[in-house]
Amino acid sequence: MLKKLFQSFRPPVRGAHHKRTTPEVINSGQHSLQRGQFSRHAVSIVERLQNAGYQAYLVGGCVRDQLLGITPKDFDVATSATPEQVRAEFRNARIIGRRFKLVHIHFGREIIEVATFRANHPENEAAEDSHTSSRNESGRILRDNVYGTLEEDAQRRDFTINALYYDPVSERILDYANGVHDIRNRLIRLIGDPTQRYQEDPVRMLRAVRFAAKLNFGIEKHTVQPIRQLAPMLREIPAARLFEETLKLFLSGNAADTFEMLVDLQLFDPLFPASAEALEEHPTYTHTLISQALINTDLRIKQGKPVTPAFLFAALLWPALPGRALRLQSRGMPPIPAMNEAAHELISEQCQRIAIPKRFTLPIREIWDMQERLPRRSGKRAEVLLDNPRFRAGYDFLLLRESAGEETDGLGQWWTDYQDSNDSERRDMIRDLGSREDGTSAGPRKRKRSPSKRKRADGGAGE
Ligand code: ATP
Ligand code: MG
């Protein structure tokens, strides 16, 4: 109560972008949305809930994307009905989540998520009782499970463009946060005080970057301003959640832009500390290798080809590997065990920040191991390697390293030719290899001494 009163006396923050208690209503005809553009299942859920006497709207990403002419990934409904009340209305509804309940309504393969209006916890609750409080000392929200009004639901959302409610029955948009204005001006803007909103949930910093890259929007200056300073707060976020967020960041089809923004806003460091260090030590190489990997990923996504997170993480972490291996070598460890130990250490440290599941860490190791094996081609080795299920990823990774300027003695081209050759040509290639070098050398050390290096230096592709 007191808070409400206080709010209404508070002078408006930054002109038009103070909290509104009454929405701007945008009638049909004043906006581009049409009910027919939305999932008919989502629309029928809204109608059904409204007919049962509840408030119900399409909300969030689907309204935003539709206003921008982007096909939404999924359709979310927000309602005044509690999860139990929602379930009572639909046969195909299931309540999910323990701490915060949501309802999933199934229509064949389509799932519509229905969420009850939620409110943010009052800010002063933390001070009163630290044991039952919903926030920690730095203001981070630990629980987020209080139902609220429509207006409160709008205020607890992250960005203005994500807080638009569309009623497919009246075809009106309710805008509590000037989201339509920001969509027109292509701006990512947090609702409320940015520092406080990031302190409540530091992942919002990553979401700002994700939406800016996905939508090709700018980040409004007050929204961007606190990020560099607050970026270290991401270290407190559970590693499992950061894994999910990282995948969304890098598998969105705009990973290359996302990476630039993360580095610029110092968000890359808390996510990938070892890679950030490599970026400082070897900026050109590290930057080129990671960007190139992400450009390739974006391209594959645009072409509808599958992408594996393992390849992505293998590339993101690779630049941090040589430094570590060398450090171990300087303590007397032979090169190959040093490389393996460095790989092991690097991955387990990374998993403290971002919980990469086993099903991905294993292939990361295999892609890296392949880098040691690809130079060793003599006898039957090349043939055997080609049949390895990880060959393709290993070979692509080799090309990636070369494109970042790594000296590999034309190894990528050799493997390209080998794959393009018939059996007898392949035999010749191996024989040729044997006459020039033994083809078994594991690392660059041996090959550096090889006379073939000089011979090939002028004929090489010179990437
Ligand atoms: P996408 O197209 O990536 O799914 P989205 O906007 O639907 O984008 P979701 O992560 O699916 O994003 O979240 C749905 C909605 O929930 C958002 O639009 C936003 O209103 C709200 N939301 C999600 N995460 C947060 C958060 N961390 N803080 C505040 N609000 C959030
Ligand atoms: Mg969504």
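A polar contact is a pair of N or O atoms within 3.5 Å. This cut-off is needed for the ligand described below, in a model that is predicted.

## The ligand and its surroundings

An oxygen atom of ligand 1 lies 2.8 Å from an N or O atom in the side chain of R64. R204 has a side-chain N or O atom 2.9 Å from a nitrogen atom of ligand 1. For R210, a polar side-chain atom is 2.7 Å from an oxygen atom of the ligand. Each of these pairs is a polar contact because the cut-off is 3.5 Å between N or O atoms.

| Residue | Atom of ligand 1 | Distance |
|---|---|---|
| R64 | oxygen | 2.8 Å |
| R204 | nitrogen | 2.9 Å |
| R210 | oxygen | 2.7 Å |

On its own, ligand 1 exposes 580 Å², and the protein buries 83% of that area. Two elements give two or more residues to the shell around the ligand, namely α3 (61-67) and α9 (203-215). Helix α9 supplies five residues, the largest share of the shell. There are 16 residues around ligand 1, and those that come nearest are R64, D201, R204, R207 and R210. By type, the shell holds twelve charged residues, three polar ones and one nonpolar one.

## The protein as a whole

The protein has 463 residues, and 46% of them count as buried. Its secondary structure consists of 26 helices and twelve strands. The accessible surface comes to about 23,300 Å², and carbon and sulfur atoms account for 50% of it. Among contacts with a separation of 6 or more, 68% are between residues 24 or more positions apart.

## Two helices that pack together

Two packed helices are described by the angle between their axes and the distance between the axes. Helix α13 (residues 255-264) packs against helix α16 (residues 283-302) at an angle of about 145°, and the axes are 7 Å apart. On the α13 side the contact is made by A255, A256, F259 and E260, while α16 contributes H287, I290, S291, L294, I295 and D298. These residues divide into six nonpolar, two polar and two charged.

N254 is found in the loop between α12 (239-250) and α13. Is this residue buried or exposed? N254 counts as buried because its relative accessibility is 18%, and the cut-off for buried is under 20%. Setting aside neighbours within four places in sequence, N254 is in contact with A213, K214 and D298. D298 also belongs to the α16 side of the helix contact.

## Two buried loop residues

F117 sits in the loop between β6 (110-116) and β7 (118-119). With a relative accessible area of 1%, F117 is buried. Which residues does F117 touch, not counting residues up to four places away in sequence? They are Q55, Y57, A78, T79, S80, V146, Y147, G148, T149, L150, D153 and Y165. L150 is 33 residues from F117 in sequence, and their C-alpha atoms are 5.8 Å apart in space.

T160 has its place in the loop between α6 (150-156) and β9 (164-167). At 2% relative accessibility, T160 counts as buried. The T160 side chain makes a polar contact of 2.7 Å with the side chain of D182. Leaving out residues up to four places away in sequence, T160 touches A177, N178, G179, D182, R189, L190 and I191.

## Two residues with positive phi

Most residues other than glycine have a negative phi. E171 is not a glycine, yet its phi is positive, near 55°. This residue, E171, lies in the loop between β9 and β10 (172-175). Its relative accessible area is 18%, so E171 is buried.

Q266 is not a glycine either, and its phi is positive at about 60°. Q266 is located in the loop between α13 and α14 (268-271). How does Q266 count, as buried, exposed or partly exposed? At 44% relative accessibility Q266 counts as partly exposed, because that class lies between the 20% limit for buried and the 50% limit for exposed.

Terms used:
Residues numbered from 1 in each chain as written. Chains lettered and ligands numbered in written order. Predicted model: local features only at pLDDT ≥ 70, side-chain atom pairs only at ≥ 80, totals over all residues. Heavy atoms only, no water. Near = heavy atom within 4 Å. Polar contact = N/O pair within 3.5 Å; in protein donor to acceptor, adjacent residues only side chain to side chain. Areas by Shrake-Rupley, 256 points an atom, 1.4 Å probe, with all protein chains shown as cover. Helix = DSSP H or I, 4+ residues; strand = E, 2+ residues; numbered from the N terminus. Nonpolar A, V, L, I, M, F, W, Y, C, P; charged D, E, K, R; others polar. Axes fitted to C-alpha atoms, helices over the stretch in contact; angles between N-to-C directions. Contact = heavy atoms within 4.5 Å. Buried < 20%, exposed > 50% of the residue type's maximum accessible area, 1.4 Å probe, protein only.
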